[in-house]
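Work through the exercises below with the sequence and the 3D structure at hand. Each task is followed by a solution in steps.

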Amino acid sequence: MTAGPALEVKNLSIKFGDFTAVDDVSFTVRRGEIFGFLGANGAGKTTTIRMLCGLLIPSSGSALVGGLGFADGGKGIKKIVGYMSQKFTLYNDLTVGENLDFAAGLRKLAPRYACARRRELFELIGFDRPLNTMVASLPGGVKQELALAAAMLHDPEIVFLDEPTSGVAPASRARFWALIRKVTELGKTVIVTTHYMDEAEQCGRIALMRTGRLIALGSPDELKASAFPGPMAELDFNGPAPAAFLRELEKAPGLLELSPHGMRWHAAFRDADSMEAALPASVPRALIKPSLEDVFIRLVEGAGR
Amino acid sequence: MTGFDLHRAWSVARKEVMHILRDPFTLALALGLPVMLVTFFGYAIDFEVRDIKVAVADRDSGPAARRLKEIFSASGYFRLLETDGNPVEMLDSRRADAALFIEPGFSRDALAGRPARAQFVLDGSDNSKGAVMMGYLPGIQRAAALRLYGSEPAPAPLRLETRFLFNPELNSRWFMVPGLGAIIIGLLAILLTAMTVAREWENGSMELLLSTPVRPLEIIIGKLAPYGLLVLTGVFFVYLSARLVFGVPFLGSHLLFLLACLLFITAALSQGLFISVVTRQQQVAMQVGIISGLLPSMLLSGFIFPVESMPPFFQYFTMLLPPRWFIVAARGSFLKGAGAAELAVPLLALAGLSLLLLTLALKKFKTDLEP
């Protein structure tokens, strides 16, 4: 493969009838990057990924996936990418070996090559059960790891993972993310969608999507810095916050964002001066670094404000 | 979509065989249905009526009356129930299917060589049974005349001689069993494909398949071929039991019959595929598959009810149904020894309908890849 970006997306849109599912999206992904899509359900993450896998043909705009476009209806793209869907991973009524043989058959891999790849990938994911284990009997996390192996059997340059950890136990989620990092260390590019903020933090860069549009793009730190240029305070009243005070605070001139986090409140300000003006000394507060969740609330949910 | 890769289609087919082998429901249905149908239609369902209960009011009690009753009993079709009361009451209460009245003087007249009369009353509320009983009476009448008068009844000036060609004994098994292939193909092929393809939609694996270089046609051929074979095996079982167990003759061409089977299977698989693309859910696909598969092949194909006795609208409507043409081809091949000339119309109709259904299903499948 020639050098150049893994993905080069320009003004990409797709319409289903009158509904614009993805609207004028542009971005570039470097090789070896972990690139995350973050957004609510229906924000267009999955549709974007499905276009970039060659499953859907864009209505307008262009996308080069590993240097290949859609001129051939996505056939070329399908050969060089691996896709793990959110809904389906492996056939439960088949064994591990049968599932992988099927994946190899669909991609016409030579048996010897498929076997060698299988061993490599088993080592990568740390799978040591017998090949004739029924998939139905595997724990969710292991099944997810095997699905990744099946998607990578043909040694794709770019791997698309659509919510790979939904419905998986927290410990398995952490294990899976360690695996994603290992995959990028092999030089692969990983595009991943997620709901989980802690997972998004582990991406090199994140694209934030809302109603089909890309509303922010950058590394987690860049997103935090651009969403919250000023300080953020966590207010802890050791109990319910006084309603009158919150009403006052909401009207404060320099306030960017006020949101509840459990019993505490996060208040972000334009600058230090406006914070001092809005928060009386009596209010117990601590300066904190904004989390991606704060960014998400500010950019995605609060965008209508 | 040019180019078809046998290797990829084979991979899909191999996977489908694994699914079938691991799914007890599919296996039981595919293997059990032909056996069940042959047992039902070959043994349990018999369109001949036997053991007809006849309430007898014998007010003559003479030797001739006794002989008449013997003839009824000896025919094997009737069981006589002597009654002192009113036999019609027994008809009312369904304790008897028919009543026989023998009036006083029957023996006197018969033994003197004069015309003697007896009355046979049938329950007309079950018209198919009634019609069958009517069919038995001329034989009884002839036998009775021979016993009582020593000769057959005088021939009427005009006589219609009836002879049944192809199935001289009007054996209902000969008629039913060859047609069973229509039910097996019509139900099994439609139901199983509708469900298996709907399953791939429902669980989201279809999307994963399509994210690989595999082509839609390869998926379809790979998924449907195993079911085509399975269903063909079922038809072969019916063929064997028809020939070996029920002694049904096969007078036509095996090649033409196989062609009819293959064409009808193609039509049925296409119909199943179409249902699965439209419904996308196993449960719905199963219901639609059963109704749209079983109803036409059971009721509108001529399998049980002759197409010729349907109202004109339905006679034309059935021309759109592949099972109707298959039944014509199957019965023609088994019983009539129909050749290429006789089977040209049903085979062409089957080919046309299969092509139509296949085109429809493929088109719908390809345009609907987007969920």
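A residue is called buried under 20% relative accessible area, exposed over 50%, and partly exposed in between (1.4 Å probe, protein chains only). This is a predicted model, in which local features need pLDDT of at least 70 and side-chain atom pairs count only at pLDDT 80 or more, while totals for chains, interfaces and linings use all residues. Residues are numbered from 1 along each chain as its sequence is written, chains are lettered from A and ligands numbered from 1 in the order in which they are written, and side-chain values use heavy atoms, with hydrogens and water left out.

**Exercise 1.** Find where the salt bridge between B:D5 and A:K108 lies, and classify both residues as buried, partly exposed or exposed.

Step 1. A salt bridge is a side-chain nitrogen of Lys or Arg within 4 Å of a carboxyl oxygen of Asp or Glu. For B:D5 and A:K108, the closest N and O atoms are 2.5 Å apart.

Step 2. The pair crosses between chains: B:D5 is in the segment before α1 of chain B, and A:K108 is in the loop between α3 and α4 (111-125) of chain A. Helices (H or I, at least four residues) and strands (E, at least two) are DSSP runs, numbered from the N terminus.

Step 3. B:D5 has a relative accessible area of 14%, so this residue is buried. A:K108 has 42%, so this residue is partly exposed.

**Exercise 2.** Describe the salt bridge between B:R22 and A:E98.

Step 1. The side chains meet at 2.8 Å, N to O.

Step 2. This pair also crosses between chains, from helix α1 (residues 6-22) of chain B, which holds B:R22, to helix α3 (residues 96-106) of chain A, which holds A:E98.

Step 3. B:R22 is partly exposed at 33% relative accessible area, and A:E98 is buried at 16%.

Step 4. Over all chains, a search of the whole structure finds 32 salt bridges.

**Exercise 3.** Which parts of chain A does the pair A:D155 and A:K188 link?

Step 1. The two side chains form a salt bridge of 2.7 Å, N to O.

Step 2. The pair links distant parts of the chain, 33 residues apart: A:D155 is in the loop between α5 (140-151) and β6 (158-162), and A:K188 is in the loop between α6 (170-185) and β7 (189-194).

Step 3. A:D155 is partly exposed, at 32% relative accessible area. A:K188 counts as buried, at 9%.

Step 4. Both belong to a network of salt bridges that also links A:R117 and A:E120.

**Exercise 4.** Describe the surroundings of B:S333.

Step 1. B:S333 is in helix α14 (residues 322-336) of chain B and is buried, with a relative accessible area of 0%.

Step 2. A polar atom of the B:S333 side chain lies 2.8 Å from the backbone oxygen of B:A329.

Step 3. Leaving out residues up to four places away in sequence, B:S333 touches B:F250, B:L251, B:G252, B:F257 and B:L343 (contact: heavy atoms within 4.5 Å).

How values were computed: A polar contact is a pair of N or O atoms within 3.5 Å; within protein, one must be able to donate a hydrogen and the other to accept it, and residues adjacent in sequence count only if both atoms are side-chain atoms.
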